[in-house]
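Student: I would like to learn how to read the surface of a model like this one. Could you take me through it feature by feature?

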Amino acid sequence: MFQDLITFALLPSFGPWELAVIGMVSLLIFGNRLPSVMRSLGKSVVEFKKGMNSIEEELDEAGKPDANAKKAETGADV
């Protein structure tokens, strides 16, 4: 485990010029496909957020007491 951390710590950090060069090279390589890649990335983020919202709603509903369960406990007709 520590060997991985030491290896990662010894990697050089990239400055602004290096990042600019990497960005230019990636534009040259992926330039024609970049819009479709970004579109699919945006769609996947939206789907992820929808999934997270549905999970939160399920958890909220699971935490709330059910009205039918209360009526059944008191013996009232549903």
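**Reading the surface**

Tutor: Helix α2 gives the most to the nonpolar patch, with six residues. Please bear in mind that this is a predicted model, in which local features need pLDDT of at least 70 and side-chain atom pairs count only at pLDDT 80 or more, while totals for chains, interfaces and linings use all residues. Residues are numbered from 1 along each chain as its sequence is written, and side-chain values use heavy atoms, with hydrogens and water left out.

Student: Which elements give two or more residues to the nonpolar patch?

Tutor: The elements in question are α2 (16-30) and α3 (34-63), helices being DSSP runs of H or I with at least four residues, numbered from the N terminus.

Student: Which residues form a salt bridge?

Tutor: Side chains of opposite charge can pair when their charged atoms come close. The rule asks for a side-chain nitrogen of Lys or Arg within 4 Å of a carboxyl oxygen of Asp or Glu, and K50 forms such a bridge with E47, the closest N and O atoms being 3.9 Å apart. Because they are three residues apart in helix α3, K50 and E47 are separated by about one helical turn.

Student: Are K50 and E47 buried or exposed?

Tutor: Both K50 and E47 are exposed, meaning over 50% relative accessible area, where buried is under 20% and partly exposed lies in between (1.4 Å probe, protein chains only).
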